[in-house]
Amino acid sequence: MCGIFGYIGKKNHAAEIVLDGLKKLEYRGYDSWGIAVKKGTTIKRERHVGKIGAAKTKLPVSNLGLGHTRWATHGGVTIGNAHPHVDCANTLCLVHNGIVENFRPLKEKLVKKHKFLSETDTEVALHLIESKAQKQPVARALRVAFNQVTGMNAFIVLNAKKDELLAVKNGSPLVIGVGKGENFIASDLWALLDHTNRVIFLEDGQLAQISAGQVKLFDAASGKALKPQVKRLDWQAQQSRLGRFHHFMEKEIYDQPKILDDLSRLSPGTIASVTRLIKKADKTFLLGCGTASYAALFGEYLLNFSGYDAQAIVGSEFQKFARLLTPKQAFLMLSQSGETIDVVDAVNLAKKKKMRVVGITNVLGSTLYRKSDLKILLGAGQEVAVASTKAFTAKLAILTQLAYQLNGNLDEAKKLIAQAARATQGLLSGKVRADIKKLATKIKDEDDIFAVGRLTSFPIALETALKIKEVSYAHAEGYAGGELKHGPIALIDQGTPCIVIAPKDQSLTDSLSAAHELKARGGLIIGISPQNDPVFDVHFKVPDLKEASAIPAAVIAQLLAYDIAVARGLNPDKPRNLAKSVTVR
Ligand code: F6R
């Protein structure tokens, strides 16, 4: 969602530094953007609708700047609604991530004395800060205003009168980058890495006062000074580069063999600590959103097969379980970003219920990572494309190891994951790759595409459909094979593409029956299976890797979705209306 980047320090090209920071945040998804710098004691700013692209900034030299990429919530996509917003005196500007839930009553009071220039809730918060700052320093005014607004918000104020950036948050992520004679702030760790590896993760309810040489931290409720905890990142987190690929989605699909191979060597100690927790627990909940929710569902099947009571929950629906949660249950939270608001809400609730939380995430230092009792890193490297690919298969690889370890078979799981890595490599070149492209060209104009699978292939069918619809905008649906007769088969027409995921497990016969039913209604049957079958019009052969067969099947689906998007002339990296990290409800 919205991206934030701020700079204060010894360099006088703050606008360029901020613009560069915003470019690194582009992958999160946005519809407009803006930058502001301090000029004397006032603010100069520029705002735009659309993508940054090759934009250069014409803002004056300055050592203090702040920028924002906006993903519209309150108010349309217009220049007037783009951040930063400025106060009536043009000495304060504000960028914001989140939603001020009580903006209406606040605005009713403020509108008498303040000039509103946008439809945003952000501007309401800014004028609230401005009104409070009439009688006290801006840092204190921000604190008082923050305590008055409701909702999950991150606010960053540029105070041109005092050379300072002020930040406070509740929910939305913010990281301060600590430099020498300069400091940075961003909504995303990746944007800071070119500048520094010393960071302070701002926690909920903390307020930071940032000057060129110092970061002061306060408790936002009481105003009490806190000691900033500077963390030195000792990992090689590199900003992802496109290299020889056309899109990040393509690159990230191709990253998978190496990631899977690395995961096949994941420390047994890490796996064992989580399985000990699952064994002790009365029940294990697995939670995620979107693609991660399908990984959670895959985990539910695997844990149940291993004899453990497990239930997958879609993040946004977790409240229905609120009264059922007890300290005797375990919670596995799956999130690439570790910042998805529904996941963070669920972690907070689980902690309140004194449950042990396992965070399975790709981002070290993310909110999920920090709040979890046990942590497993996906180790997939930065995922830039909005549609998740490599983080999904990484989660499948980890969940497979957890399930096998529950029955003392970790070595077998590791072998299967290593084989899945090799199988994936085999799909990425040669005939299979060419055949997937050919199929994409053939079905690119189809409006409806179906994917079916049973048992552990059901979540893969759901993910197949999600991937296709996200990046190609074709209507795609995933179904459990056995459900077709209960309604969806009515949609099958002459030539409708039907992807049937049929691994060699107990569901094979039933999956092939489903394929026959679809074919009898005219469906074009695309089989992903270890063995060919006369019912398949197109067959993609994958090895029989037991539960890990899901991995190459998912990779074929990702490639097909990517190819359909490209064949339709779309940019799969930045699908319309979608943001990479969903940090508002
Ligand atoms: C789909 C996709 C989304 C995310 C979802 C959760 O391709 O990317 O469905 O999976 O928004 O995101 P994380 O995993 O960051 O919590």
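Okay, let's start at the ligand: one of its oxygen atoms is 2.6 Å from an N or O atom in the side chain of Ser-337. Keep in mind that this is a predicted model.

Staying with the ligand, Glu-470 comes in too, with a polar side-chain atom 2.7 Å from a ligand oxygen. Cys-289 uses its backbone instead: an N or O atom there lies 3.5 Å from an oxygen of the ligand. How much of the ligand's own 400 Å² of accessible area does the protein cover? The answer is 91%. In total, 14 residues surround the ligand, and the closest are Ser-335, Gln-336, Ser-337, Thr-340 and Glu-470.

Now let's zoom out. The protein splits into domain 1, residues 3-232, and domain 2, residues 248-567. Their C-alpha centres sit 37 Å apart. So where do they touch? Well, nine residues of domain 1 are in contact with 13 residues of domain 2. Between them the two domains bury about 1,000 Å², and 60% of that is on carbon and sulfur atoms. On the domain 1 side, Tyr-27, Trp-190 and Phe-201 lose the most area to domain 2, together 50% of what that side buries.

What about charges? There's one salt bridge between the domains. If you want to find a salt bridge on your screen, look at Arg-370 and Glu-203, whose closest N and O atoms are 2.8 Å apart. As for the make-up of the domain 1 side that touches domain 2, we have seven nonpolar residues, two charged ones and no polar ones.

That's my tour, thanks!

Key
Residues are numbered from 1 along each chain as its sequence is written. This is a predicted model: local features need pLDDT of at least 70, side-chain atom pairs count only at pLDDT 80 or more; totals for chains, interfaces and linings use all residues. Side-chain values use heavy atoms; hydrogens and water are left out. Domain bounds come from an automatic or database domain assignment. Contact means heavy atoms within 4.5 Å. Buried area is the accessible area (1.4 Å probe) that two parts lose on being put together, summed over both. A salt bridge is a side-chain nitrogen of Lys or Arg within 4 Å of a carboxyl oxygen of Asp or Glu. Ala, Val, Leu, Ile, Met, Phe, Trp, Tyr, Cys and Pro count as nonpolar, Asp, Glu, Lys and Arg as charged, and the others, Gly among them, as polar. A residue is near a molecule or strand if one of its heavy atoms lies within 4 Å of it. A polar contact is a pair of N or O atoms within 3.5 Å; within protein, one must be able to donate a hydrogen and the other to accept it, and residues adjacent in sequence count only if both atoms are side-chain atoms. Accessible areas come from the Shrake-Rupley method with a 1.4 Å probe; for residues, only the protein chains shown count as cover.
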